[in-house]
Amino acid sequence: MAAQSQYEELARQLSAIGAVKREMGRILPPDCPPASAGVLTLLDRFGEMRMSKLAELLAIDMSVTSRHVAHAAERGWIEREPDPQDKRSRLLRLTPSGRLLLAELSERYTASLARYLDDWSDSDVGRLNELLARLRTSFGDCRTRAHHEPTTRTPAE
């Protein structure tokens, strides 16, 4: 187990990641806030879904999800169609315009990361990817609120 000071430093580093995320958010088009990009990314990754599922994946309230969906729909990036299983619900899906925007965002993100990390070796970037994936795995799927219970350790006898 790592020393307490290492966990304290990790907490500081994770807090500072907010600055990285804000900088990456600056490359988004003015009419596409990070929340809209998140909606599009989830619809691309998981396919069409109900608003309730999207809210669960975003881990935000339905009213906030509804505002994000309305913003994306007004711009033609997603469409809302009646759910054939339940006419009271709507299915959300990406439009061709939404897919084009996602491709543009991917290019922008990739180019920006390449620019900021141009002095990193391929090995360093690969290791960062591995460690971040491992960190996410350790926390479980945060979108479904999975938490690790604190473990109780007994001293070795």
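Predicted model: local features only at pLDDT ≥ 70, side-chain atom pairs only at ≥ 80, totals over all residues.
Buried here means under 20% relative accessible area, exposed means over 50%, and partly exposed is anything in between (1.4 Å probe, protein chains only).

Residues are numbered from 1 along each chain as its sequence is written, and side-chain values use heavy atoms, with hydrogens and water left out.

Let's start with the salt bridges (a side-chain nitrogen of Lys or Arg within 4 Å of a carboxyl oxygen of Asp or Glu). The whole structure has eleven of them, including these:

| Pair | N to O distance |
|---|---|
| Arginine 93 and glutamate 48 | 2.7 Å |
| Arginine 93 and glutamate 79 | 3.3 Å |
| Glutamate 56 and lysine 53 | 3.7 Å |

Glu48, Glu79 and Arg93 are linked in a network. Arginine 93 sits in strand S3 and glutamate 48 in the loop between H2 and S1, so their bridge ties together parts 45 residues apart in sequence. Helices (H or I, at least four residues) and strands (E, at least two) are DSSP runs, numbered from the N terminus.

Glutamate 56 and lysine 53 are three residues apart in helix H3, about one helical turn. As for the buried residues of H3 (51–58), they are Met51, Leu54, Ala55 and Leu57. These cover an arc of only 165° around the axis (taken from the directions from the helix axis to the C-beta atoms), which puts them on the same side of H3.
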